[in-house]
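Please read them beside the structure.

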Amino acid sequence: MTIKESYLAAQEQYGAIGVDTDKAIEALKKLSISMHCWQGDDVTGFDQDGPLTGGIQTTGNYPGKARNPEELMADIDKALSLIPGHHKLNLHANYAIFQPGEFCDRDALKPEHFEKWAEFAKERKMGIDFNPTFFSHPKADEFTLSSPDEEIRQFWINHGQACIRISQYLAEETGQPCVMNIWIPDGLKDVPADRMGPRARFKDSLDQILSIPYDRTKVFVTLESKVFGIGMESYTVGSSEFAMNYVTKNGIVPLMDNGHYHPTEVVSDKISSMLLFHDRIALHVTRPVRWDSDHVVLLDDETKEIAKEIIRNQASDRVFLALDFFDASINRIAAWVVGMRNMQKALLYALLSPNERLKELQDTGRMTELMMQQEELKTYPMGAVWDYFCQQEEVPVRESWYREVQSYESSVLSKRS
């Protein structure tokens, strides 16, 4: 049976429960995911040679890591060629590209240091999202925006302000809004004597960053919380409560990373509440394994539930969707492709659900029928619809994409020492 024939059979089966597969595919084509550049080089960036700090670690030493901007851009291109749809690039400030012999510290970064990234994106008709880098720096060894050392705190305030200016530049160059996400690794390994002080300084630092003029239709500043990290197991300055209160009071966008909560918390359950009180929300989708370990996104239950909450609440135009993981133990391009395609599959699964019918069953108390229908949907032929979508988008179908990754590894990645 051909891909088209399998699709037509699936179309008929979904049609019997009121789902239009053609509409689902068209909707999926419009859903953009922000693909994180830092998977390609293990979050190293181009502005320093020191170790990762700030509670961030990568494990493994798989060969072929990108060593410079040209290699990273080539690897991003290769990954995108294997992913259906049209997406955005998510960039960290430590990926600034300097001219030979030039260096600029993070507090004085300028749009010109991201000109090559803007050119890269424009050639591919992509948008760019942006992140200040408050880690892996000599002045980030202890605290950043909550530092009691005013010189260090001012350095990072200047960095945040510089990143707003860069974000607006990227938005204007690409013609697409830029999501600028703030996350800091500040915290303490053991029980603090003062929880309020660091948070008061963090609040003031954020106020100063946001005090500079910028176009809020072009730059959407988000704030990301975290429950704990390596070296800050007992106290995190930017807790969920801090972040949620700050964004609400100051009219910026909340960002939820599903690895940044207690293991029994799920972001999928938070999305509907957040949508009731915020015009927009942002998500970093990852796969925490017991803690925020940033594993490659799988087509697991939580990924599907996150996608269902976006689709069933008709919120695809209100949710900034990005991925965030980094795995140095496997082929890095394959990691991108697996994660991105799985997020798209989760969205397709949600689009292929008779959401209004399921809601009606819940509202009328027909819970047995609701459970039955939800379970039966799990074995509907979504794969046939996905294959047809990939064929339409002219990317490899099913596991055939991996042969291209193997070929690229043999001809390109294996030659990097």
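1. Val179 has Phe220 of strand 6 as its bridge partner. Please keep in mind that this is a predicted model. The pairing behind that bridge is between strand 4 (residues 178–182) and strand 6, which lie parallel and are joined by five bridges.

2. Strand 6 also has a parallel neighbour in strand 8 (residues 253–257), with three bridges between them. Here Glu224 is found opposite Leu255 of strand 8.

3. Is strand 6 mostly covered or exposed? Six of the six residues in strand 6 (residues 219–224) are buried, so the strand is mostly covered, given that buried means under 20% relative accessible area. In a regular strand, side chains alternate between the two faces of the sheet. In strand 6, Val219, Val221 and Leu223 point one way, while Phe220, Thr222 and Glu224 point the other way, and all are buried.

4. The model has zero disulfides.

5. Arg416 sits in the segment after helix 14 (401–411). With 9% relative accessibility, Arg416 counts as buried.

6. Beyond residues up to four places away in sequence, Arg416 touches Gly64, Lys65, Ala66, Arg67, Glu71, Asp75 and Tyr408. The Arg416 side chain comes to 2.9 Å from the backbone oxygen of Gly64.

Key:
Residues are numbered from 1 along each chain as its sequence is written. This is a predicted model: local features need pLDDT of at least 70, side-chain atom pairs count only at pLDDT 80 or more; totals for chains, interfaces and linings use all residues. Side-chain values use heavy atoms; hydrogens and water are left out. Helices (H or I, at least four residues) and strands (E, at least two) are DSSP runs, numbered from the N terminus. Buried means under 20% relative accessible area, exposed over 50%, partly exposed in between (1.4 Å probe, protein chains only). Contact means heavy atoms within 4.5 Å. A polar contact is a pair of N or O atoms within 3.5 Å; within protein, one must be able to donate a hydrogen and the other to accept it, and residues adjacent in sequence count only if both atoms are side-chain atoms. A disulfide is a pair of cysteine sulfur atoms within 2.5 Å. Two strands pair if DSSP finds at least two bridges between them.
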